[in-house]
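Here are a few exercises to work through with the model open beside you. Try each task before reading its solution.

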Amino acid sequence: MDDIAKLLQAAAAERVQEARSSGPTVGEAREDSLLTFRLGESHFAVPLASSRGIVPVEKWTPLPGNLPYFAGVINWQGRLLTLVDIQQFFVAEPGLAVAGKTAVVIYDGDLEAGILVDEVLDILKIRSDQRLAVSSSLSEKQRKTIAGLYPISGQKLMAILNVAY
């Protein structure tokens, strides 16, 4: 099990149990559409409304001297797109080999980036009342980056990324 999966798994049992025991929430839940993807054993999602595309990464240019999680840039639709290695971001260990991977292109206003992933999975619709709060056992950086958690099977959770961070 990779480090990201271990971090999320540590909080999973507590959050799933809280969700099951708390019962339904008051008020009307909205439905969110999420683009889901896998990185190692971990599952992630971004709001579908914040995604611009899925791009195979073949040619890329590294960015030496930058933050370690900025893997490099690619030419995407005539613009430079920064590639972000979220494995490196979360656990500060060498992450993905870039070539041959896929980038999920996200945006927030005028800012675009490509998140490097192993596999794009599906579009999932969830109700907002199914979203779990982020555990206080995660680091501050992880809590800011993860907008919420969603139980996907047993005690496994999918992290919903905050693209505005």
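**Exercise 1: a hairpin and its neighbours**

Task: find the turn between β6 and β7, then describe how β6 is paired and how buried β6 is.

Solution. Begin at the turn: β6 and β7 form a hairpin with 2 residues between them, and Gly 109 in this turn has a positive phi of about 70°. Strands here are DSSP runs of E with at least two residues, helices are runs of H or I with at least four, and both are numbered from the N terminus. The model is predicted, so local features need pLDDT of at least 70 and side-chain atom pairs count only at pLDDT 80 or more, while totals for chains, interfaces and linings use all residues. Residues are numbered from 1 along each chain as its sequence is written, and side-chain values use heavy atoms, with hydrogens and water left out.

Next, look at the pairing (two strands pair if DSSP finds at least two bridges between them). Strand β7 (residues 111-117) runs antiparallel to β6 over 7 bridges, and Thr 102 has Val 117 as its bridge partner in β7.

Finally, check burial (buried is under 20% relative accessible area, exposed over 50%, partly exposed in between, with a 1.4 Å probe and protein chains only). In β6 (residues 102-108), 5 of the 7 residues are buried, so the strand is largely enclosed by the rest of the structure.

**Exercise 2: aromatic pairs**

Task: how many aromatic pairs are there, and how are the rings of Phe 37 and Phe 44 arranged?

Solution. Rings of Phe, Tyr and Trp (its six-membered ring) pair if their centres lie within 6.5 Å; planes under 30 degrees apart are stacked, over 60 edge-to-face, and the rest tilted. This rule gives 3 aromatic pairs. For Phe 37 and Phe 44, the centres are 5.9 Å apart and the planes at 20°, so this pair is stacked. Phe 37 is buried at 0% relative accessible area, and Phe 44 is buried at 0% too.

Now turn to Tyr 69 and Phe 89: with centres 4.8 Å apart and planes at 90°, the pair is edge-to-face. Tyr 69 lies in the loop between β3 (51-56) and β4 (70-76) and Phe 89 in helix α2 (residues 86-91), so the pair ties together parts 20 residues apart in sequence. Ring pairs link Tyr 69, Phe 70 and Phe 89 into a cluster.
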